[in-house]
Amino acid sequence: MYHEPEYREGLEQLADHYKQIITLLGEDTEREGLEKTPMRVAKAMQTLTQGYTMDAHKVLTDALFKEDYNHMVIVKDIDFFSLCEHHMLPFYGKVHVAYIPNGTITGLSKIARVVDIYSHRLQVQERMTMQIRQCIEETLHPLGVMVVVEAKHMCMQMRGVEKQNSITTTSEFSGAFQQAKTRQEFMNLINRNS
């Protein structure tokens, strides 16, 4: 059964602003197809930026477990969608995360939730990559963390240079992943066919 999500304060004002924007673009917000559009867009934007209301560190600490495991833990191919802060157009792709525990592990789904939280904000790919790595490092205190993000940016596909097939890859690493051999092991594992 579908439940209407809870929206944040300011939803009505946001819808009013979108109505003004649509009018400034030359459209008639009273015509049938656009009558409800300002509110729909306001709700969509609150959903797409709900990461501002969530604490990624808390997500990890809610599922911490003592475990004597000190080899690489990889969660790969985490789908994400975000909004570029420069043009507010989507960028989307996959995130691959690895960490080497130091006596503490977290629930695997929590890694994906961390990605969701940081991707549901106005972002640049570089910062999002860094934030995911920092959150895992600061919360789990592992022997090392590595994050690789591969994304397509609609701001590059729809406007500007209009390159439809370009993919941007960013990476962040710390601790044991500063060793080239460990980074290469991670890259080999994420690039293997599933």
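Predicted model: local features only at pLDDT ≥ 70, side-chain atom pairs only at ≥ 80, totals over all residues.
Five strands make up an open sheet of mixed pairing, in which the order is β5-β2-β3-β6-β7. Its edges are formed by β5 (122-123) and β7 (168-175), each of which pairs on one side only. Within this arrangement β2 and β3 run antiparallel and are joined by nine bridges, and V75 has V97 in β3 as its bridge partner.

Two helices that pack on the sheet can be described by the strands they touch. Helix α4 is in contact with β2, β3 and β5, and its direction makes about 20 degrees with that of β2. Helix α7 (residues 180-191) touches β2, β3, β6 and β7, with a direction at about 45 degrees to that of β6.

In soluble globular proteins, nonpolar side chains tend to be buried together. In this model the largest nonpolar core has 27 residues, and those with the most contacts inside it are F80, V95, V97, I111, M128, I132 and I136. At least two residues of this core come from each of α3 (56-61), β2 (73-84), β3 (90-100), α4 (108-119), α5 and β6 (144-153). Another core, of nine residues, lies apart from it and includes I100, A176, F177 and F186.

## Helix α5

Helix α5 comprises 16 residues, 125-140, and reaches 23 Å from its first C-alpha to its last, which is close to the 22 Å expected at 1.5 Å a residue. Its buried residues are Q125, M128, T129, Q131, I132, R133, C135, I136, T139 and L140; of these, M128, I132 and I136 are named among the residues with the most contacts inside the largest core. Just after the helix, H141 takes a positive phi of about 50 degrees.

## Arginine 8

R8 lies in the segment before α1 (11-24). With a relative accessible area of 29%, R8 is classed as partly exposed, because that class covers values between the 20% limit for buried and the 50% limit for exposed residues.

Leaving aside neighbours within four places in sequence, R8 is in contact with Q46, T49, Q50 and T53. With T49 the link is also a polar contact between the two side chains, at 2.9 Å. R8 and T47, although 39 residues apart in sequence, have C-alpha atoms 9.3 Å apart in space.

Note on methods. Residues numbered from 1 in each chain as written. Heavy atoms only, no water. Helix = DSSP H or I, 4+ residues; strand = E, 2+ residues; numbered from the N terminus. Buried < 20%, exposed > 50% of the residue type's maximum accessible area, 1.4 Å probe, protein only. Contact = heavy atoms within 4.5 Å. Polar contact = N/O pair within 3.5 Å; in protein donor to acceptor, adjacent residues only side chain to side chain. Expected span 1.5 Å × (residues − 1). Core = buried A, V, L, I, M, F, W, Y, C linked by side-chain atoms within 4.5 Å. Pairing = 2+ DSSP bridges. Axes fitted to C-alpha atoms, helices over the stretch in contact; angles between N-to-C directions.
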